[in-house]
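Reader: I am new to this structure and would like to learn how to read it step by step. Could you take me through it slowly?

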Amino acid sequence: MQEFLDSLINQGYFAGVPRDVVYAGGMIVFGAIVVLVFVLNVAGVSTWVERRVWARIQSRVGPNRVGPQGILQWLADGIKLIMKEDVVPTAADRPLFLLAPYIVMMGFVGTFVVLPFGSRLVIADMNVGILYVTAVTALVVVGILMAGWASNNKWSLIGGIRSAAQIVSYEIPNGLSIFPIVLLTGTLSMQGIIKAQGWAPWNWFIFANPFTFAAFFIFFTSALAEGNRTPFDLPEAESELVAGFVTEYSGVRYLMFFMAEWGNLYVIGAVVTTLFLGGWQIPHVTDSVVLSAILEFVTFFVKSYFWVLVAMWVRATLPRTRVDQLMAVCWKYLVPIAFVNLLGTAAWMIVWPQGNRPVRFIMLLIALGTVGYFFRRVAYHTRRAGVRAHGELYLSPLS
Amino acid sequence: MKHRGYLGNIVDTAKTVFEGMAVTFSHLIRKPFTIQYPDRTALRVQDTLPFRYRGILEVDLEICTGCLACERACPIDCIVIDVVKDKQTREMLMTRFDIDMAKCMYCGLCSEPCPTGAIHHTPEFEGSDYSLESLIRRFIKEPVVTYKPKKGGEDDPEILPLLDRGMRYVEEFASPEGKKPEAEEEAA
């Protein structure tokens, strides 16, 4: 990025303009391109994917009419919402009400600055990368609280407060699960963390030691809670709070909240991939810069989108927790275990400073065995339903 | 559920989530139950409905006797029939037979007293329209001579099938018990 702008400056494109202004301008243009081309589409398509996956899990079909297999459903929904009237309640705190969706959106789009899509495909490789992600994601809570307060509605306020309590609580296990990785790499930079891993699963940090393995699950759980996803979607629990902090919103502002929610899902996947699953690392297959960049991007995208799918699947599986259960899970279980992970990783590094390869392989085997056992259970449940008819296998994603 | 203690809770959580995810995943790879109405069904939905399905009302004017039994039976008066006597030919003429499907509650009381089964429900149920007015079915464009049952049975080959169908309909309506064994089978 910087080299590209430098070369443009050297060729005399921006004569007389201060260098920093050119950099800032380049950042804004590049950021806008990323947001328009990538973020909005991923978030939009995710809504459709979620509805299809969810429908299939509930033995339904899901949206399949707009475009081939309904893939343009999100565009239709988006256009509908954009055309709708943007209602601001009379009693609302107008400036805050109008501002809140932008802050939420900012909190989620901001993370894309450091997400590494490839060894070269990154907007900025900050030396505080992962800290920046945690910090900028925390901005979402400000927006949500703002929305809840400004709507001047009891449901909104309860939703906002719940969200604040939830996000602030879950930041702790979230952050504590990042620390073991930071200990292992000695850097906060996203690229640095990925470069410290290898392409092979046994070189990923999830298998570095048993503590990072546990940290992975804690991170994923608390990231779901921070993203207000089921089973932790108390801030917008329909059965209790109508729509929580988005109750009073309509039209394009409502769209922004949901764009942020589904986009955030991808961010969760991307951060998990970066920290624990080797990011864009691929074996050396080609010398071509462009081709390897594409392969790296595909690797990263597939890995992170897999976790988006898992989040959808979790949403279809688990019921919503109660508020007290939510807090109990965080403070009684996730936080202490995350601390144990942190200390355990530190101790592990003292005992085996170079890591312990046999343990990595054993853990990989255990993980594969679990996955294998999982599919046996799936086969069992499919067969058992077959006895009661309508248990036909239907592997095609099409309808 | 018995108290399992701290580690027991963690193990329980892992186990139950694991099992739950397996159940939902097994549903993900199964065929959806949904029947995609209207354009992706093997048959038209109307053709799959039972004979006695109470859809939109229909009148076979060829076998309508103009007895007004249906009009009297209708609890919400959505059927309006005008019958006049033709002075010259001494025949009964129906000048109007309107059924307001917007009012109709599909109770089927009109088709029970019908002597010929002329008025009956069809399996057709798609009646949506932009105005209530268009849901009023006006069967008579110009006056129609009422049907008179002939002594010694009907012999007109055009009317015979209509009459057969009508009588079957009335009989099935009058004695739904005739279908009972099958209904019991379904319940079991």
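Reader: Let me begin with a pair of helices: at what angle do the axes of helix α9 and helix α11 of chain A cross?

Author: Please keep in mind that this is a predicted model. In chain A, the axis of helix α9 (residues 210–226) and that of helix α11 (residues 251–276) come within 10 Å, and they cross at roughly 165°. Angles over 145 degrees count as roughly antiparallel, so α9(A) is roughly antiparallel to α11(A). As for the hand of the arrangement, α9(A) passes α11(A) in a right-handed crossing.

Reader: Which residues of α9(A) and α11(A) make the contact?

Author: From α9(A) the contact draws on T212(A), F216(A), F219(A), F220(A), A223(A) and L224(A), while α11(A) contributes I268(A), V272(A), L275(A) and F276(A). Sorted by class, this contact of α9(A) with α11(A) has 9 nonpolar residues and 1 polar residue, with no charged residues.

Reader: Stepping back, how many helices and strands does chain A have?

Author: Chain A has 14 helices and 0 strands, and reading along the sequence therefore gives the pattern α-α-α-α-α-α-α-α-α-α-α-α-α-α. For the overall form, one can compare the radius of gyration with that of a compact globule: with 399 residues such a globule would be near 21 Å, and the 22 Å of chain A agrees with this. Along its principal axes, the C-alpha trace of chain A spans about 75 × 65 × 45 Å.

Reader: And what is the pattern of chain B, read along the sequence?

Author: The secondary structure of chain B comes to 5 helices and 6 strands, which follow one another as α-α-β-α-β-β-β-β-β-α-α.

Reader: What percentage of the residues is buried in chain A, and what percentage in chain B?

Author: A residue is buried if 20 or more other C-beta atoms lie within 10 Å of its own. Buried residues make up 42% of the 399 residues in chain A, and 18% of the 188 residues in chain B.

Reader: How many residues does each chain give to the contact between chain A and chain B?

Author: That contact takes 23 residues from chain A and 20 residues from chain B. On the side of chain A that touches chain B, the elements giving two or more residues are α2 (19–57), α12 (289–317) and α14 (357–387) of chain A, and the largest share, 6 residues, comes from α14(A). By class, the residues on this side of chain A divide into 12 nonpolar, 7 polar and 4 charged.

Key
Residues are numbered from 1 along each chain as its sequence is written. Chains are lettered from A and ligands numbered from 1 in the order in which they are written. This is a predicted model: local features need pLDDT of at least 70, side-chain atom pairs count only at pLDDT 80 or more; totals for chains, interfaces and linings use all residues. Axes are lines fitted to C-alpha atoms, for helices over the stretch in contact, and angles run from 0 to 180 degrees between N-to-C directions. Helices (H or I, at least four residues) and strands (E, at least two) are DSSP runs, numbered from the N terminus. Angles under 35 degrees count as roughly parallel, over 145 as roughly antiparallel, 65 to 115 as roughly perpendicular and the rest as oblique. A crossing is left-handed if the near helix is turned anticlockwise from the far one by less than a right angle, and right-handed if clockwise. Two residues are in contact if their C-beta atoms, placed from the backbone, lie within 7 Å. Ala, Val, Leu, Ile, Met, Phe, Trp, Tyr, Cys and Pro count as nonpolar, Asp, Glu, Lys and Arg as charged, and the others, Gly among them, as polar. The radius of gyration is taken over C-alpha atoms; the globule rule is 2.2 Å times the number of residues to the power 0.38. A residue is buried if 20 or more other C-beta atoms lie within 10 Å of its own, exposed if 12 or fewer, and partly exposed in between; C-beta atoms are placed from the backbone.
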